Amino acid sequence: MVLKNNTLHSNENSRLKSVGRFFREAFTIDFNKPLSIKNQFMVMFVTLFISTVLFGVLCFINNTQVAEPPKQPAKPTAVQSQKQTSRQESSQKVILNTELMKKVDIISLPYEEIHNGELILVNKEHQCTHNGESVVSLLNVKTGTYVVADASVSVDQGIVDNVNHMFDDFYDIYGESKVMIACGYRSSELQSELYEAETDREGEDTADIWVAPPGYSEHQTGYAFDLDLMVEDGGIGIDYDGKGNYSWLNENCCQYGFIVRYLEGKENITGYEYEPWHFRYVGVPAATYIMENELTLEEYMDTVQKYSIQKPLMIKGINDEVWYTYYVPAQEKDKTEVPVPQNYSYTISGDNFSGFIVTVTIS
Ligand SMILES: [Zn+2]
């Protein structure tokens, strides 16, 4: 056994010596002679080794980057997200408010101007001072997607395009062209006749529910109209109820600047029964806000009065438009100085009883 071990040791020693000799000779390079096979093998081996190490290091660095992306803030919860959004909105609001205030012009308006504009409130308390100064007959300016009762049906010339667009779009969707504007502008005299006829027929109390006294009808503004449905055989129209396909008009009219003026459940505010056929133009921003918040025009007036140019009411449109609106109380004995932004387009309307409403288009 001992001998055997000795023999083994001797064999191992000689193998180790020959491996050592191989490496020694491989690493020994005589630059005056061409490289030996062993030298070439070693150069290749070393090159391969270094390349492998470098490749490994690069992969490690790369993997480290993928495995550990830059730290992101934790995903906000719904509440945080809401807070963040409102914070963003409020910061946007601050920037825009500052912007709004930065360069203002002052428009001086006489007190009587409170009676003009698309937002004038006409109801049983607030009389209409207009008498058809700027109305036009729809018969010659309307498109073919709706009908009018006769040539006397007129509206304010400023809203003709809005009326046409609304019925054109309705026709494009449903192919219905039987909607009829039965009545638009009504003069004080005509209103007087209607009121008297209704009073004779139903008594004053009932007449008051359905027909405005002369001077107090919205129809006198030129911004309101009543719908009916045309009967094919040429008979008289049938009542428009805003149901079925026609509900599209009642639900989308705000996009064209109209509201359904007398709402169900708001009779105590408007003073009138629900009238799904009576539409009123107030402009797209106000109509959008009114419809979205299910308000009457009376309630919109109460709301807007709380806002000033320093703190305007922001209204968002369904197509991401942004408007700001604010109120300026009128001076009864002097001209009212209405501040308006220089760098944005705006409209000013009287409210018909106490002041002016400025509506600014932001985007
Ligand atoms: Zn009406």
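A: Happy to! Let's start at Glu 292, which lies in helix α9; helices (H or I, at least four residues) and strands (E, at least two) are DSSP runs, numbered from the N terminus.

Q: Is Glu 292 buried, exposed or partly exposed?
A: Glu 292 is partly exposed, as 13 other C-beta atoms lie within 10 Å. The cut-offs are 20 or more other C-beta atoms within 10 Å for buried, 12 or fewer for exposed, and partly exposed in between, with C-beta atoms placed from the backbone.

Q: How far is Glu 292 from Gly 317?
A: Their C-alpha atoms are separated by 9.8 Å, and the two residues are 25 apart along the chain.

Q: Before we go on, what kind of model is this, and how are residues numbered?
A: This is a predicted model, where local features need pLDDT of at least 70, side-chain atom pairs count only at pLDDT 80 or more, and totals for chains, interfaces and linings use all residues. Numbering starts from 1 along each chain as its sequence is written.

Q: And what is the mean pLDDT?
A: The protein chain has a mean pLDDT (the predictor's confidence in each residue, from 0 to 100) of 83, with 73% of its residues at 70 or more. Over residues 62-92 the pLDDT is below 50, and that stretch has 2 contacts in the model beyond near neighbours in sequence. Two residues are in contact if their C-beta atoms, placed from the backbone, lie within 7 Å.

Q: Good to know. Where is pLDDT under 50 with 0 contacts beyond four places in sequence?
A: That is residues 1-8.

Q: Back to α9, then. How many of its residues are buried?
A: The helix is mostly covered, with 8 of its 9 residues buried. They are Val 284, Pro 285, Ala 286, Ala 287, Thr 288, Tyr 289, Ile 290 and Met 291.

Q: What covers them?
A: The cover includes β8 (258-262), α10, β10, β11 and β14. α9 lies across β10, β11 and β14, and runs at about 85° to β10. Such angles run from 0 to 180 degrees between N-to-C directions, using axes that are lines fitted to C-alpha atoms, for helices over the stretch in contact.

Q: Which sheet has those strands?
A: It is an open sheet of 4 strands in the order β10-β11-β14-β13, with antiparallel pairing. Strands pair if DSSP finds at least two bridges between them. β10 and β13 each have a single partner strand, so one side of each is left without a neighbour in the sheet. From one strand to the next, the twist averages 25°.

Q: How many bridges join β10 to β11?
A: There are 4 bridges between β10 (residues 313-316) and β11 (residues 322-329), which run antiparallel. Met 314 has Tyr 324 in β11 as its bridge partner. The two strands form a hairpin with 5 residues between them, and Asp 320 in the turn has a positive phi of about 65°.

Q: And how many for β13 and β14?
A: That antiparallel pair has 6 bridges, and Ser 345 stands opposite Thr 361 in β14.

Q: New topic: which residues touch the most other members in the largest nonpolar core?
A: In that core of 66 residues, they are Ile 181, Cys 253, Phe 258, Ile 259, Ala 287 and Ile 290. α9 gives the most to this core, with 6 residues. A nonpolar core here is a set of buried Ala, Val, Leu, Ile, Met, Phe, Trp, Tyr and Cys residues joined through C-beta atoms within 7 Å.

Q: Why does the core lie between domain 2 and domain 3?
A: Because domain 2 (85-119 + 296-363) and domain 3 (122-281) both give residues to this core. The domain bounds come from an automatic or database domain assignment.

Q: And what is Cys 253 in contact with?
A: Leaving aside neighbours within four places in sequence, Cys 253 is in contact with Met 166, Phe 258, Ile 259, Val 260 and Phe 279.
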